[in-house]
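Thank you all for coming this morning. I would like to walk through one model with you, and please keep the picture open while I talk.

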Amino acid sequence: MSTAEQQPDNPAPSTPDALLGPADVRELAAVLGVRPTKQKGQNFVIDANTVRRIVRTAEVRPDDVVVEVGPGLGSLTLALLEAADRVVAVEIDDILAAALPATVEARMPAKKDRFALVHSDAMLVTELPGPAPTALVANLPYNVAVPVLLTMLDRFPSIERTLVMVQAEVADRLAAEPGNKVYGVPSVKANWYAHVKRAGAIGRKVFWPAPNVDSGLVSLVRRTEPIRTSASKEEVFAVVDAAFAQRRKTLRAALAGWAGSAAGAEAALVAAGVSPQARGESLTVEEFAAIAEHKPAQERPAL
């Protein structure tokens, strides 16, 4: 067990420093008239020790430009500003987005010019203000964690290091290796971009309201060299999606639609050096890429 995992997750009392404690979070929410909703996946971190632990685990450096998705009331934002050069926060909620700059200015005035807010849905963001981001650190809403993570990694290739807090079950899937029963589409697609590993566990008591599930930290370090393949990301992901859409079937059967026929799927698999009797959960991202390279040419229907 890592040092990070051994640290307690008991909420600390409100501290006199710039970070938000339990009383600060509840007071700020009350002033704004904010009631966390399950629909938006809102669970605010109320423990200063936990957000500092996240920043340490993310290995945020003084020269980092960090993008944060879903900053909420600013608990993690303030901890990131303590450690990074700049922080860009992407927030979809109108009330939270309007309030966050004032919170930063009130609690960390020396860093207000190092903070930028993007009021938008993270899935729609195609550019960020200021220098290119070097790190992504976020407490991601459970209901959109995987698509948001993959979208940010795809659109901002300058992000070298990522640490996200997600539902424990999602963390397990993202970090799973081939052969693991929870290995699936998120595992393979995350591996396309980065080396992925579990980076710790987070208890329920550090959130308000306390969720009914545990949370986990996932570390993703961008590949220094992309997967070596002549297939495009879209072509590789099409194979991945097809393979896991019917994960109980052999790849020969599961990829029949993708290849145009079961025989075509078998030919592509054999050419890629993969057994037609294998199943998707046993393959690495490199093997999926090899299959994509050998997709049979589709015959055009006669006119």
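Predicted model: local features only at pLDDT ≥ 70, side-chain atom pairs only at ≥ 80, totals over all residues.

Which residues does Val236 touch, not counting residues up to four places away in sequence? Taking contact to mean heavy atoms within 4.5 Å, Val236 touches Trp192, Ala231, Phe288, Ala289 and Ala292.

Residues are numbered from 1 along each chain as its sequence is written, and side-chain values use heavy atoms, with hydrogens and water left out.

Val236 is one of the residues with the most contacts inside the largest nonpolar core, which has 62 residues. A nonpolar core here is a set of buried Ala, Val, Leu, Ile, Met, Phe, Trp, Tyr and Cys residues joined through side-chain atoms within 4.5 Å, and buried means under 20% relative accessible area, exposed over 50%, and partly exposed in between, with a 1.4 Å probe and protein chains only. There is also a second, separate core of 40 residues, which includes Leu19, Ile46, Ala135 and Ala199.

Next, please look at Val188, which sits in helix α8, residues 185-193; helices are DSSP runs (H or I, at least four residues) and strands likewise (E, at least two), numbered from the N terminus. Val188 is buried, because its relative accessible area is 0%, and among the residues that Val188 touches are Tyr183, Val240 and Phe288. Val188 and Glu286 are 98 residues apart in sequence, yet 9.3 Å apart in space, C-alpha to C-alpha.

Let me turn to a pair of helices. Helix α3 (residues 48-57) packs with helix α4 (residues 75-83) at an angle of about 50°, their axes being 9 Å apart, where axes are lines fitted to C-alpha atoms, for helices over the stretch in contact, and angles run from 0 to 180 degrees between N-to-C directions. On the α3 side, the contact is made by Val51, Arg52, Ile54 and Val55. Arg56 is also found in helix α3, and Arg56 counts as partly exposed because its relative accessible area is 49%.

Finally, two details of the backbone. The peptide bond from Trp208 to Pro209 is cis, with omega near -10°, and Glu59 has a positive phi of about 55° although it is not a glycine.
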